[in-house]
Each structure stands twice: as C-alpha cells, then as structure tokens.
Amino acid sequence: MASASGPGPGSGSGSRALLCRECLDIAAAYHRANAGRFEDPTFKDNAATGRSRAEAKLAGPGRPKLLLESLGPQGDEAEQVTFLAREYKGLLPSQQLELVRAYKGLDRKDLCEAASELEKWNKELGYQHVFTPLDESDTKFWKKCVQERLLGTDLYGHPITYYKMSEVRLDQIAKIFKEPEDVTPPFSRGTSALKRLKQGLSEKKGYLIRKHSVIVDLSGLSMFSFARHKAYAKALTRVPYLFFPDHVYKIYLVNPTTTFKMIWAIGSLWVDPVTMKFIVHLGTQKEALTKWKDHGIPLESVPKDLGGLSDGINLLDLAIKFVAKTDQDNKDIR
C-alpha cells in the first residue's frame, strides 16, 4: 500500500485539520445529497494524472506529495487493472486499482486470491451494507468489543481513528459471535462508514481522499487473550486487509508493551514490505506527543488518552448517519 510522508511543521499547505464533529456534519450533509449512491467524487481538472487543482496545489514544490490517492492508474498499474477487470467482473473499478496497489510487488496468485475474496464480499455485503438498518450485532460489536473512535483529520484531510488494545475485547467477541466470520458484517459497516465519510471530505476538500490513518494504543494488549482467541483476532484483521485494500495511509503505534514486542518480533517476519512502510512506531505517549506535528496531526486530532484534545466519536455514531431508515428500533439498539 503506497503512502506518503506527512507534512512537516513548515509545510505551509494552508489546510486545516477537521474536528470529529465537523467530520460528522460533513458526512451527514454529503449523504443527504447523495442518498443511495456510493461513488467516489471525480475531479477532472487534470485528466492526465487524475489529480485536481486543489490536490496539485497541496502537493506542490517543496511539499510532500499526495501520491496514489487518485484513481488514475500510474505506470505499470494499467496492465494489472485490465487483467482484474477481465477476470473478476464483480469488482468495482476503484477496487481493481486499490488491489493492484495493495498487492504491488507480490505474486499474482496473492492478487487473484484477494480479488476473489473481495468479489465474494461485494456480492454478500459490499459498501451498500452501510445503508441497511442496524441490528443488535452492530451495537454489540462497536460498543462492547472494539470501540474504535473517529478523532478528526490530519492536515491532508485523512480521517484518523483510534482504538486501545485494552478495549479490543476478544473474549467478548468470542461470546457474542458464534463463528469468527460473523464479525464481518458489523466491522464492514464501520469501515464502509469511514469510506462514506472520505467521499464527503473529498468533495469538501476538492481532491480525492481514499485513505485514513489509525492510532493504536498498545497498552493493555493481552498475550493470553490473543492466543486463546486467535481465530477471532485473525477474522478482525481480514476485514480491512481483504475488503478495504489500500485504504490505510498510516498506522501509528503508541505505548508498545513487552507483550507487543514479543508478538511483533515474530509477526513482523510475515508482514510484507509494502505494508511495513505505513506502520509508524512513535514510542511512549510522552515521546509521541513531540512527534504528532511532524506527521501533520494536530493535538485536536489526538485522543485525550494520549495527551491530545479529542474525545472522539464511536464509529457506530458515524455509521448511523448513513442508515437508509433510522426507525425506533435502531434508536433503541443504539
């Protein structure tokens, strides 16, 4: 997954990070204007690169480039995209390019397996799942099991989400969901809601924003829980990796524990180089506080748990903005 370095303190982009409540308002307004349609906004100012004037200005001379956010194939991507379009007709055009970028440098066999999984997901759920009425599993997943929160955006406009490993309750997930794959619908709803938000932010900013960043507080990570419920842990990682490829800009890791270091020492051996590029180790909470600005993240988009100013909002509160019909049952569930 290609990524770019964040803007430094003196980048002078003229952009302002958005607060989580502003994101919520933008998402709701965009959905009202585009109800029932799930299409990325298009910007035709610069057809040769698929980049709008606004994006070109943001990534101008002397500033980090916002590469590969647009949906225009670059270099040798076109051949791979043509292959996927021919062999996997159930993929959306945007998904074809995202798969090519996510699996760049890997075997075509890996690309084909991922394309097959994503094609199946499109048929069974797809992005449109975010428009369907909420059910009890959505609330249980997002309120009791994961509790991922939207914090705001960085200076580029990428949404930033946050979760604490101590609040990823694998034991609860195992109790609530009979099979590991049962977590796919509620997790897909939240991640589809993030994609819907990015569509609204794109329209607001004037350039395509396809990616978001994740801040992970590693404190409280339990080796016992991880080992006991590894099938559910694997099911959680499958959703963003298989069904939302190339959607992550950066993953910021804070407060590494001894347990994490043990897991990482082994697990990192199987992490492909493409994925490794967007994982950022920021050290302790205190060390991270001196580094957020270097990554274009103001304290307003850093969680209060880590010394920032954002309370954040649960992803379920974002997802509910897109439900086609929010009836009394949904209100009760929420």
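Here are some numbered notes on the fold, starting with the whole protein and ending with a single residue.

1. First, some ground rules. This is a predicted model, where local features need pLDDT of at least 70 and side-chain atom pairs count only at pLDDT 80 or more, while totals for chains, interfaces and linings use all residues. Residues are numbered from 1 along each chain as its sequence is written, and side-chain values use heavy atoms, with hydrogens and water left out.

2. The overall picture: the protein has 15 helices and 6 strands. These are DSSP runs numbered from the N terminus, with at least four residues (H or I) for a helix and at least two (E) for a strand. Of its 334 residues, 53% are buried, where buried means under 20% relative accessible area with a 1.4 Å probe and protein chains only as cover. The accessible surface is about 15600 Å², and 54% of that belongs to carbon and sulfur atoms; the areas come from the Shrake-Rupley method with a 1.4 Å probe.

3. How far along the chain do the contacts reach? Among contacts between residues at least 6 apart in sequence, 80% join residues at least 24 apart. A contact here means heavy atoms within 4.5 Å.

4. The 6 strands form an open sheet in the order 5-4-3-2-1-6, with mixed pairing. Two strands count as paired if DSSP finds at least two bridges between them. At the edges sit strand 5 (279-281) and strand 6 (313-314), each pairing on one side only. Helix 1 packs on the sheet and touches strand 1 and strand 6, its direction making about 95 degrees with that of strand 1.

5. Have a look at strand 3 (residues 212-217): 6 of its 6 residues are buried. His212, Val214 and Val216 point one way, and Ser213, Ile215 and Asp217 point the other way. Strand 3 runs parallel to strand 2 (residues 159-164) over 5 bridges, with Val216 as the bridge partner of Tyr163. It is also joined by 5 bridges to strand 4 (residues 248-254), again in the parallel sense, and there Ile215 has Tyr252 as its bridge partner.

6. Where does the antiparallel pairing come in? Strand 1 (residues 149-153) and strand 2 run antiparallel, joined by 4 bridges. One of the pairs to find there is Arg149 with Tyr162.

7. Helix 5 (residues 108-124) is worth a look for its helix partners. The axes of helix 3 (residues 77-87) and helix 5 come within 11 Å and cross at roughly 45 degrees. Axes are lines fitted to C-alpha atoms, for helices over the stretch in contact, and angles run from 0 to 180 degrees between N-to-C directions. Glu79, Gln80, Phe83 and Leu84 of helix 3 make the contact with Arg108, Leu111, Cys112 and Ala115 of helix 5.

8. Helix 4 (residues 93-102) packs against helix 5 too, at an angle of about 145 degrees and with the axes 10 Å apart. On the helix 4 side the contact comes from Gln95, Leu99 and Val100, and on the helix 5 side the residues include Leu111, Ala115 and Trp121.

9. Last, is Ala17 buried or exposed? Ala17, in the segment before helix 1 (20-33), is buried, with a relative accessible area of 9%. Leaving aside neighbours within four places in sequence, Ala17 is in contact with Thr153, Asp154, Leu155, Pro298 and Ser301. The C-alpha atoms of Ala17 and Leu299 are separated by 9.9 Å, though the two residues are 282 apart along the chain.

Conventions:
Buried < 20%, exposed > 50% of the residue type's maximum accessible area, 1.4 Å probe, protein only.
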